[in-house]
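Please describe this structure in a short report, covering the salt bridges, the helices and the exposure of selected residues.

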Amino acid sequence: MVSYDNFLGSIDGKVGSVEAYPEVKIAVLEKIANTYPKYKDECERQIFFVDFNADR
């Protein structure tokens, strides 16, 4: 339904891609959680781990 994987592939190796990845992933997970409430808990779980790993 989205071209998320294609987008990530298109930025791979480019300047700023490492910094952009967590922001893009979180934005996608938030959109999924808002669109499909039954997946909200899983999206929040994944957001926690993205945030946790981004701080390292």
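## Salt bridges

Counting as a salt bridge any side-chain nitrogen of Lys or Arg within 4 Å of a carboxyl oxygen of Asp or Glu, the model, which is a predicted one, contains two salt bridges. One of them joins the side chains of E44 and K40, with a distance of 3.7 Å from N to O. These residues are four apart in helix α3, which covers residues 40-54, and so E44 and K40 are separated by about one helical turn; helices here are DSSP runs of H or I with at least four residues, numbered from the N terminus. E44 is partly exposed at 42% relative accessibility, and K40 is partly exposed at 41%, where buried means under 20% relative accessible area, exposed means over 50%, and partly exposed lies in between (1.4 Å probe, protein chains only).

The side chains of R45 and E42 also form a salt bridge, at 2.6 Å from N to O. R45 and E42 are three residues apart in helix α3, and are therefore separated by about one helical turn. An α-helix has 3.6 residues a turn, so residues three or four places apart point the same way. R45 has a relative accessible area of 44% and is partly exposed, as is E42, with 33%.

## Basis of the values

Residues are numbered from 1 along each chain as its sequence is written, and side-chain values use heavy atoms, with hydrogens and water left out. Since this is a predicted model, local features need pLDDT of at least 70 and side-chain atom pairs count only at pLDDT 80 or more, while totals for chains, interfaces and linings use all residues.

## Helix α1 and its buried side

Helix α1 spans residues 4-11, and Y4, L8 and I11 are buried in it. These residues cover an arc of only 70° around the axis, which puts them on the same side of α1; the arc is that of the directions from the helix axis to the C-beta atoms. The buried residues of α1 pack against α2, whereas the face of α1 turned away from its buried side carries the exposed residues D5 and N6. After α1 comes G13, whose phi is positive, near 85°.

K25 belongs to helix α2 and, at 19% relative accessibility, counts as buried. Apart from neighbours within four places in sequence, K25 is in contact (heavy atoms within 4.5 Å) with Y4, Q46 and V50.

Q46 lies in helix α3 and is partly exposed, with a relative accessible area of 26%. When residues up to four places away in sequence are not counted, Q46 touches K25 and L29. Q46 and D5 are 41 residues apart in sequence, and their C-alpha atoms are 16 Å apart in space.

## A nonpolar surface patch

On the surface, I32, Y36 and Y39 form a nonpolar patch with about 260 Å² of accessible area together. Patches are made of residues with over 30% relative accessible area and no salt bridge, in which like charges are joined within 9 Å and nonpolar side chains (Val, Leu, Ile, Met, Phe, Trp, Tyr) within 5 Å; the accessible areas come from the Shrake-Rupley method with a 1.4 Å probe, and for residues only the protein chains shown count as cover. I32 lies in helix α2, which covers residues 17-35, and is partly exposed at 31% relative accessibility.

Definitions and conventions
Helix = DSSP H or I, 4+ residues; strand = E, 2+ residues; numbered from the N terminus.
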